[in-house]
Amino acid sequence: MEYSGEKLQEEKVFKDPVHRYIHVRDRVIWDLIGTKEFQRLRRIKQLGTTYLTFHGAEHSRLSHSLGVYEIVRRIVDDVFEGRAEWKPEERLLSLCAALLHDLGHGPFSHSFEKVFDLDHEQFTQQIIVGDTEVNKILLRVGRDFPKKVAEVIAKTYKGKLVVSLISSQIDADRMDYLQRDAYFTGVSYGHFDMERLLRVMRPREEHAVIKQSGMHAVEDYIMSRYQMYWQVYFHPVTRSAEVILTKILHRAKHLYESGYEFAQEPHHFYSLFKGEVTLTDYLKMDESVMLYYFEAWEGENDSILKDLCTRFVNRKLFKYVEFHPSNSQMNRLMELRTLFKKAGIDPDYYLVVDSSSDLPYDFYRPGEEEERLPIHLLKNNGEIRELSRESEIVDAISGKRRTDHKLYYPADLLRDESTKKNIKKQIRKLLELSD
Amino acid sequence: MFKDHANIINAISTAGEISGRKKLQKIVYIAKKLSFPFHEKFQFHFYGPYSEELTLRIEELCEMGYLNEVREKKQAIINIVIR
């Protein structure tokens, strides 16, 4: 029997708190799950630093990847199968792309990529087409199969319907992470009726559409995205941890470049610092490794690196105030920077503005935006309409986004009056902190 | 801190004004490829390279009062200008 069609003798199931069970029948999928590149995702958390705000949010990218696979499996096996617009030969391709779509994520991806100027999507591509266990399995399906999987994930594959299953406004990726993140953070938002959504999805040549009768389920889904964004993804305390993490990496890189001798040598970081990271180096990096260094660096001689690591490990985060970057506020910021220097606190590491554009974005913005494919409703008469034109609820919240900037600072240092008492008092006054 | 915002303003003021959001996306993409110091992440999208981060920064800059987006009369093109 051909490898691509090979089924396991007995179906394997993974227990899952979100989808109850994840079903695996295909040998290829089973083998992919067993690769070291996929297993590495166990050591990378889906929500990065969010666990410092919501202690339950320790779920891994592996569990999310399995979830996305399961949703796509249900769509193609239970909903699309047998429909004229669906090509059954694209089934395995869809499942593999769903399972592997996040394969290239690094530890605390967001800050990590920003500091070292990397892109996890490029690493996903490299892992799939490069010399890896994943690649060997995909090659057994067909010579051009790895390339096809990589194209679906990169959104360049010619079959747009397959692409839309894992990246569009209403895709398996979002459907899984909203529910999974809601479950593990414990917030009461983020829930919507996925069963219903899947049942009313219909394949079209370029993307899936939603039957009109499922509009209210879609509304719920859009609402849950809106609420999760403000409640979880954009939480100011999580952003504080992210700011500290970014500064640790900046500091370590800066120290390396200026010839500092680390007590705990950062072997895993050298190629990153030099900007010549190979796939092998990259795959060795995960959150366990990174946290190990942070803990070790608590014993460094450099006071900034030491302090920032202690803050991250022990959750002694920065506090924040709202910051609107008008001219007068910018002047205040410059004044604060000068005072920080006078107080002996380096403003490059301890006075940080974080903007809404610094975080990945997940709002529904339909209509005139040329660059986004909106959600389409299929009306009973066969007409296709954009969701926000049919739904008042979606129209009311879509695209309406507050931009937001926050100024982060170490309140504990500013309240420590053992040194530079008067300057710190001035700073506190400018930040409008109580004493 | 706002360096990425400043880079965008600099690019737009150098160009005078940029007509069309798509054009702006492509200009910044090419400039980045030519090693100008832009840090926005680009993805392959419907009309080629596109950066959500760039869209967001423009939105923030408009909100802050540094940029303005003006729709040309009876046209779909939106001009991005310094305020």
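Reply: What follows starts with the sheets and ends with the contact between the chains.

This is a predicted model, in which local features need pLDDT of at least 70 and side-chain atom pairs pLDDT 80 or more, while totals for chains, interfaces and linings use all residues. Residues are numbered from 1 along each chain as its sequence is written, chains are lettered from A and ligands numbered from 1 in the order in which they are written, and side-chain values use heavy atoms, without hydrogens and water.

Begin with the four-stranded sheet of chain A. It is open, with mixed pairing and the order E3-E4-E7-E8. Strands here are DSSP runs of E with at least two residues, and helices are runs of H or I with at least four, both numbered from the N terminus. Two strands count as paired if DSSP finds at least two bridges between them. Strands E3 (201-203) and E8 (384-386) of chain A are the edges: each has a single partner strand, so one side of each lacks a neighbour in the sheet. From one strand to the next, the twist averages 40°. Angles run from 0 to 180 degrees between N-to-C directions, with axes fitted to C-alpha atoms, for helices over the stretch in contact.

E3(A) runs antiparallel to strand E4 (residues 208-211) of chain A, and three bridges join the two. One of the pairs is A:Pro203 with A:Ala208 in E4(A). Helix H3 (residues 61-80) of chain A packs on this sheet, touching E3 and E4 of chain A at about 80° to the direction of E3(A). Contact means heavy atoms within 4.5 Å.

A:Arg61 and A:Asp102 meet through their side chains at 3.8 Å, N to O. A:Arg61 sits in helix H3 of chain A, while A:Asp102 lies in the loop between helix H4 (91-100) and helix H5 (109-116), 41 residues apart. The rule asks for a side-chain nitrogen of Lys or Arg within 4 Å of a carboxyl oxygen of Asp or Glu. Over all chains, the structure holds 35 salt bridges.

Next, the three-stranded sheet of chain A. It is open too, in the order E5-E9-E6, with antiparallel pairing. Strands E5 (319-322) and E6 (352-355) of chain A stand at the edges with a single partner strand each, so one side of each has no neighbour in the sheet. Neighbouring strands are turned by 30° on average, direction ignored. Four bridges join E6(A) to strand E9 (residues 405-409) of chain A. A:Val352 has A:Tyr408 as its bridge partner in E9(A). Helix H13 (residues 236-257) of chain A lies across E5, E6 and E9 of chain A, at about 60° to E9(A).

There is also a hairpin, E1(A) and E2(A), with three residues between the strands. Strand E1 (residues 7-16) and strand E2 (residues 20-26) of chain A pair antiparallel over six bridges. Within E2(A), A:His23 is the bridge partner of A:Val13.

Last, the contact with chain B. There, 24 residues of chain B contact 35 residues of chain A. About 2,600 Å² is buried between the chains, 50% of it on carbon and sulfur atoms. Buried area is the accessible area (1.4 Å probe) lost on putting two parts together, summed over both. The rule finds one salt bridge across this interface. It joins B:Lys41 to A:Glu113, with the closest N and O atoms 2.3 Å apart. Helix H2 (21-33), strand E2 (43-45) and helix H3 (52-64) of chain B each supply at least two residues of the side touching chain A. H3(B) gives the largest share, nine residues.
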